[in-house]
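Hi everyone, thanks for making time. I'll walk you through one structure today, so let's get it up on the screen.

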Protein chains: 2
Amino acid sequence: MNGIQDYYPDHFAHCHGCGRLNHQGLQLKTNWNGNETLTTFIPLPHHTAIPGFVYGGLLASLIDCHGTGSAALALARERGIELTQHNAPRCVTASLHVNFKKATPLGPELQIRGTIKEVKGRKVVIEAEVIANGEVCVTGEVVAVEVPENFGAR
Amino acid sequence: MNGIQDYYPDHFAHCHGCGRLNHQGLQLKTNWNGNETLTTFIPLPHHTAIPGFVYGGLLASLIDCHGTGSAALALARERGIELTQHNAPRCVTASLHVNFKKATPLGPELQIRGTIKEVKGRKVVIEAEVIANGEVCVTGEVVAVEVPENFGAR
């Protein structure tokens, strides 16, 4: 399934978490799901914390890329951008807060759900939850900022 | 070089970030450096955000494991534990806050430096900085909590 990440310009598509051109990365995809945003991911066996549970750094990574993807979706919607080519806005993370409410089981698909809390110019604030087996295991907040279109262009 | 992670019990040594028994992980090692704690890591080429810069999720992971490692060092020091075998305390992360101050260059060795802010029972608070080429690129805070010794034992 396509996500907002499939519409990033090529020079913004190498992210370890969500770059479609990073073949050693997680290849996360973020989409609207009603008024929320949604990313799903099944951790690999080596994404372990304590055996049986998901590594916190991976959970932080999921929230990070879910946040920047959600921010790009929000900016595209606000600007009425039709995503037909590599014309999506691209955001980076200014701050990332993660609260580990309970140990996240390693095995089931994780849902990362986002709510757009604020869009102000180039800045977007997203709240996120990571859900496993129907339970919220992790919550987080991402402050994302749009980068100039030519940043990092080769 | 040994780190506190080399003294975790085997069943706590599978973490993707810092488990000595996780051969697909980052194998981070955390040590005292005077009154600070120190972890060093050279990101791999695929740990990219925007080309030329380090992925935020990796930086969050470095702060996460540096935080739990620092917390274990602090608890071991407070209790006078001599680390001679797999007898180190083991902490997990309750919350993780990361502020991306400037883009972190991909290439040089990163230093993650920690300061123990509080030790209160099983809870330890650590402030961390990620330094590249002598500049602080990322700051963070970890609240870590000790897990029972038999948690996750097989």
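This is a predicted model: local features need pLDDT of at least 70, side-chain atom pairs count only at pLDDT 80 or more; totals for chains, interfaces and linings use all residues.

Okay, let's begin with one residue, A:Arg20. You'll find A:Arg20 in the segment before strand S1 of chain A, and that strand covers 30-33. Is A:Arg20 buried or exposed? The cut-off for buried is 20 or more other C-beta atoms within 10 Å. A:Arg20 has 20 C-beta neighbours inside 10 Å, so it counts as buried.

Who does A:Arg20 touch? Leaving out residues up to four places away in sequence, the list is A:Gln5, A:Asp6, A:Ala13 and A:Gln27. Take A:Asp6 from that list: A:Asp6 and A:Arg20 sit 14 residues apart along the chain, and their C-alpha atoms are separated by 6.5 Å.

Now over to where the two chains meet. Chain A puts 35 residues into the contact, and chain B puts in 35 residues. On the chain B side, the elements giving two or more residues are helix H1 (56-79) and strand S3 (91-100). S3(B) gives the most there, with 9 residues. By type, that side of chain B splits into 19 polar, 15 nonpolar and 1 charged.

Let's stay with S3(B). How does S3(B) pair with strand S3 of chain A? The two run antiparallel, over 5 bridges. For instance, A:Ser95 has B:Asn99 in S3(B) as its bridge partner.

That's my tour, thanks!

Terms used:
Residues are numbered from 1 along each chain as its sequence is written. Chains are lettered from A and ligands numbered from 1 in the order in which they are written. Two residues are in contact if their C-beta atoms, placed from the backbone, lie within 7 Å. Helices (H or I, at least four residues) and strands (E, at least two) are DSSP runs, numbered from the N terminus. Ala, Val, Leu, Ile, Met, Phe, Trp, Tyr, Cys and Pro count as nonpolar, Asp, Glu, Lys and Arg as charged, and the others, Gly among them, as polar. Two strands pair if DSSP finds at least two bridges between them. A residue is buried if 20 or more other C-beta atoms lie within 10 Å of its own, exposed if 12 or fewer, and partly exposed in between; C-beta atoms are placed from the backbone.
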